[in-house]
Amino acid sequence: MMLPDPSPQELRRDPLPLRGRVALVTGVSRRVGIGYAIARRLAAAGASLFLHHYTPHDAAQPWGADPGGPQAVVDGVSAVLADAAAAVRHGEADLAEPDAPARLVRAAVDAFGHLDILVCNHALSGDDGPLEALDAAMLDKHWAVNTRSAILLAQAFAAQHDGRPGGRIVFMTSGQDLGPMRDEVAYAAAKGALASVTRTLADHLADRTITVNTVNPGPVDTGYATPELHEAVRRRFPQGRWGTPDDPARLVAWLVTDEAAWITGQVIHSEGGFRRWD
């Protein structure tokens, strides 16, 4: 049986494809980060946003927390809201705590009434090492933040989802299956497990009109690289530049629209042709 061709109206792109939808984006704590870029893309597409941050993590890293604090991040996302009815709310949570994912989803639902989109952008960076430096506490810490919390967020998101069209979950990984990460064994193991469970969760939630996909953004310049590392990595990109936060953000923003309703269970690499070997 041949299906009818899409109508002219169906072929035209909606300038605000996320109007009326609500997204929870985790790890939105720095204006140079991927989470911030994702949140701004979703706001510009019409969505309301609940932004998660955990300032102590960034403050403990060499790059430090955003100098303007969480409010500067919220203001930057609010500035691009495209729907007059949309809004931005935010909250802090340590996702290493077992009950934090459920509390975070509950806070977002309390703020907006429901959630349509979950983007698990948060990650524990640093506090890692090669095989010889590992211990059980290091492995458990990375598992708790990078894997366990994302799965529990997906569980809480699915529990509140009422079956309306547009249910979307997006995880973030770092290309662990594409090449070695010798000095980040705990991180690679935890993020690799998240990528591996994508198909299982996608199958489990498919009958509830929720898609589950994972994005690997590749090396993205968020201010963490030393000048020497920055130049060495830059030379491995065919276009001669690092990825910017907006490069993966554009992909994530598309995956949560209706245009991507037929895509689920996929790990998608957004790396600009990054070459891991000479």
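1. Which residue stands opposite Ile117 in S4? The residue is Ala23, whose place is in strand S1. Helices (H or I, at least four residues) and strands (E, at least two) are DSSP runs, numbered from the N terminus.

2. This is a predicted model, in which local features need pLDDT of at least 70 and side-chain atom pairs count only at pLDDT 80 or more, while totals for chains, interfaces and linings use all residues. Residues are numbered from 1 along each chain as its sequence is written, and side-chain values use heavy atoms, with hydrogens and water left out.

3. The sheet is open and is formed by 7 strands in the order S3-S2-S1-S4-S5-S6-S7, with parallel pairing. Two strands count as paired if DSSP finds at least two bridges between them. Strand S3 (88-92) and strand S7 (267-269) stand at the edges with a single partner strand each, so one side of each is left without a neighbour in the sheet. From one strand to the next, the twist averages 20 degrees.

4. Helix H5 (residues 100-112) packs on this sheet and touches S1, S2 and S3. The direction of H5 makes about 150 degrees with that of S2. Axes are lines fitted to C-alpha atoms, for helices over the stretch in contact, and angles run from 0 to 180 degrees between N-to-C directions.

5. Strand S1 (residues 22-25) has partners on two sides. With strand S2 (residues 48-53), S1 pairs in the parallel sense over 4 bridges, and Val22 stands opposite Ser48 in S2. The chain crosses from S1 through H2 to S2 in a right-handed β-α-β crossover; right-handed here means that, with the strands pointing away from the viewer, the path from the first strand over the helix to the second runs clockwise. With strand S4 (residues 117-120), S1 pairs in the parallel sense over 3 bridges.

6. Both faces of S1 are covered: Val22 and Leu24 on one side, and Ala23 and Val25 on the other, are all buried. Buried means under 20% relative accessible area, exposed over 50%, and partly exposed in between (1.4 Å probe, protein chains only). Ala23 is buried because its relative accessible area is 0%. Leaving aside neighbours within four places in sequence, Ala23 is in contact (heavy atoms within 4.5 Å) with residues including Leu42, Phe50 and Leu115.

7. Is Gly20 buried or exposed? Gly20 is exposed, with a relative accessible area of 54%, and lies in the loop between helix H1 (8-11) and S1. Gly46 is 26 residues from Gly20 along the chain, and their C-alpha atoms are separated by 7.0 Å.

8. Helix H2 (residues 34-44) and helix H4 (residues 69-78) pack at an angle of about 30 degrees, with axes 8 Å apart. The contact is made by Tyr36, Ala39, Arg40 and Ala43 of H2 and by Val73, Gly76 and Val77 of H4. These residues divide into 5 nonpolar, 1 polar and 1 charged, where Ala, Val, Leu, Ile, Met, Phe, Trp, Tyr, Cys and Pro count as nonpolar, Asp, Glu, Lys and Arg as charged, and the others, Gly among them, as polar.
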